[in-house]
Each structure stands twice: as C-alpha cells, then as structure tokens.
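Here is a short briefing to read alongside your sequence and structure viewer.

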Amino acid sequence: MKVTRSELRERIMTILYQINIYRKDKIDYTVEDVILENDKEGNDFVKTIVYGSIEKEKYLDEIINKYLSDWTVKRLGNIDQAIFRMSAYELMFTDTPHVVAINEGIELSKKFSDEKVTKMLNAVLDEILNKEALNE
C-alpha cells in the first residue's frame, strides 16, 4: 500500500520530535537511526525534510521567531517545534506548493496540538510565505 505525503509528514514530525527529546535529555542518537526507526522504507522525502530541517534549524528558528508575537520557538512544546520547523522548511526550501505546505502543517497541528498553537502556526506560516518565501 502506497504511503501518502500526509503520512510521511507525520513520520517527519515524529522524527524531529524524537531528536528534540534526545537532545534535551542528552541521549546519544544518529539521525539516520531515528529516521529508520520511524520510516522503514527510507523514503527520500522524509530524509530531505528531516535533514534539511535539522541543517537549517537555527535559521528556521530565527525566521519563525520573527513572526511569533511575544513567543519563541523554544517555548513551544516539542511536537509544536517539530511542526513549525518542518512546515517552515517545506514552505521555504522545497517545490511543494505553498498552500499544500501550509495546509499540511495546520492539519498536523490540529491533530497533535491545540487550537491556540494551530492559529499561531497558521499566522506564522502566512507571514513567512508573504515576507520570506515569495521574496526569494
């Protein structure tokens, strides 16, 4: 059975969430092991978004923080951090249509977070799209 992109994004979120926890708890890990644990097929889309989000994490956090009012990425929960970073990365650095990247992030947030975070995510991604992604 073919895995949908939405399902792959959920895997990406889980991988980034786990890595965030491992870092905070100072647990040894390799990105490749965490990917394989959550994505047995070794999907290229998963690898691209995970490695890209990690590689550009500092930059992504700066951009996200710019549009979070009275808040920072680090204050968000681990799941929310994963969703914000992967959505911003996909929006800015992939060929995924903008509306799809935003909508997929929002759907993940609706499923795994609360309404307040989902509204913040929507606003931040809209700002990133209009002030960052479209200006590249």
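Isoleucine 12 touches Phe45, Val46, Ile49, Val50 and Met86, leaving aside residues up to four places away in sequence; contact here means heavy atoms within 4.5 Å. Ile12 is also among the residues with the most contacts inside the largest nonpolar core. This is a predicted model, in which local features need pLDDT of at least 70 and side-chain atom pairs count only at pLDDT 80 or more, while totals for chains, interfaces and linings use all residues. Residues are numbered from 1 along each chain as its sequence is written, and side-chain values use heavy atoms, with hydrogens and water left out.

**The nonpolar core**

- The largest nonpolar core has 40 residues, and besides Ile12 those with the most contacts inside it include Val50, Ile64, Phe84, Leu91 and Ile128.
- At least two residues of this core come from each of H1 (5-24), H2 (31-38), H3 (44-55), H4 (57-67), H5 (78-93), H6 (98-112) and H7 (115-131).
- H5 gives the largest share of this core, eight residues.
- A nonpolar core is a set of buried Ala, Val, Leu, Ile, Met, Phe, Trp, Tyr and Cys residues joined through side-chain atoms within 4.5 Å; buried means under 20% relative accessible area, exposed over 50%, and partly exposed in between (1.4 Å probe, protein chains only).
- Helices (H or I, at least four residues) are DSSP runs, numbered from the N terminus.

**H1 against H3**

- The axes of H1 and H3 come within 9 Å and cross at roughly 35°; axes are lines fitted to C-alpha atoms, for helices over the stretch in contact, and angles run from 0 to 180 degrees between N-to-C directions.
- H1 passes H3 in a right-handed crossing, meaning that the near helix is turned clockwise from the far one by less than a right angle.
- On the H1 side, the residues in contact include Leu8, Ile12, Ile15 and Ile19, and their partners in H3 include Phe45, Val46, Ile49 and Val50.

- H5 is mostly covered, with 14 of its 16 residues buried.
- The 16 residues of H5 should span 22 Å at 1.5 Å a residue, and its end C-alpha atoms are 22 Å apart, so the two agree; the expected span is 1.5 Å times one less than the number of residues.
- Asparagine 78 lies in H5 and counts as buried because its relative accessible area is 18%.
- Tyr17, Asn20, Ile21 and Lys24 are touched by Asn78, not counting residues up to four places away in sequence.
- H5 and H7 pack at an angle of about 25°, with their axes 11 Å apart, and are therefore roughly parallel to each other (angles under 35 degrees count as roughly parallel, over 145 as roughly antiparallel).
- Ile83, Phe84, Ala88 and Leu91 are among the H5 residues that meet H7, where the partners include Leu121, Val124, Leu125 and Ile128.

**H6 and H7**

- H6 and H7 pack at an angle of about 165°, with their axes 9 Å apart, which makes H6 roughly antiparallel to H7.
- The buried residues of H6 are Ala101, Ile102, Glu104, Gly105, Ile106, Leu108 and Ser109, and what covers them includes H1, H5 and H7.

**A loop position**

- Threonine 72 lies in the loop between H4 and H5 and counts as partly exposed because its relative accessibility is 32%.
- The C-alpha atoms of Thr72 and Asp61, 11 residues apart along the chain, are separated by 8.1 Å.

Technical notes
Parallel < 35°, antiparallel > 145°, perpendicular 65-115°, else oblique.
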